[in-house]
Amino acid sequence: MNKATTRIAIAAVLVMIAGSSSAQTDLYSTVTNLWWEGPKTNILAIAEERLAANTNDIVGIILKTEYDISFSPATVLSN
């Protein structure tokens, strides 16, 4: 995945989780820091935790999808 597509996807996730509550701000900060500087498996853990609580959680779905696309070996992906 190229940088522009990744940035757009991250921006979409961040727009969805941005808000006035500190929990949303903390999630925004956590995901942003992990994506650029931290262990990427923690992003997957956040996504799976959110999806375990609600299988329709859009933030969890997008985070998991972005993780899978960005960090899966190319041999697992198909057209």
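**Note on the predicted model: salt bridges, core and confidence**

1. Asp68 and Lys64 lie 4 residues apart in helix α4, so about one helical turn separates the two. In this predicted model, their side chains are joined in a salt bridge, with an N to O distance of 3.4 Å. Asp68 is partly exposed, at a relative accessible area of 29%. Lys64 is likewise assigned as partly exposed, with a value of 26%.

2. A search of the whole structure returns 2 salt bridges. Asp57 and Arg50 also form a salt bridge, in which the closest N and O atoms are 2.7 Å apart. Asp57 has a relative accessibility of 13% and therefore counts as buried, the limit for that class being under 20%. Arg50, at 25%, counts as partly exposed.

3. The largest nonpolar core comprises 10 residues: Ile10, Leu27, Val31, Leu34, Trp35, Ile43, Ile46, Ala47, Val59 and Leu63. Helices α2 (22–36), α3 and α4 (58–71) are the elements that supply two or more residues to this core. The largest share, 4 residues, is contributed by α2.

4. The average pLDDT of the chain is 78, and 71% of the residues score at least 70. Among the elements of the chain, helix α3 (residues 40–53) has the highest mean pLDDT, 91, whereas helix α1 (residues 3–17) has the lowest, 69.

Technical notes: Residues numbered from 1 in each chain as written. Predicted model: local features only at pLDDT ≥ 70, side-chain atom pairs only at ≥ 80, totals over all residues. Heavy atoms only, no water. pLDDT = per-residue confidence, 0-100. Core = buried A, V, L, I, M, F, W, Y, C linked by side-chain atoms within 4.5 Å. Buried < 20%, exposed > 50% of the residue type's maximum accessible area, 1.4 Å probe, protein only. Salt bridge = Lys/Arg side-chain N within 4 Å of Asp/Glu carboxyl O.
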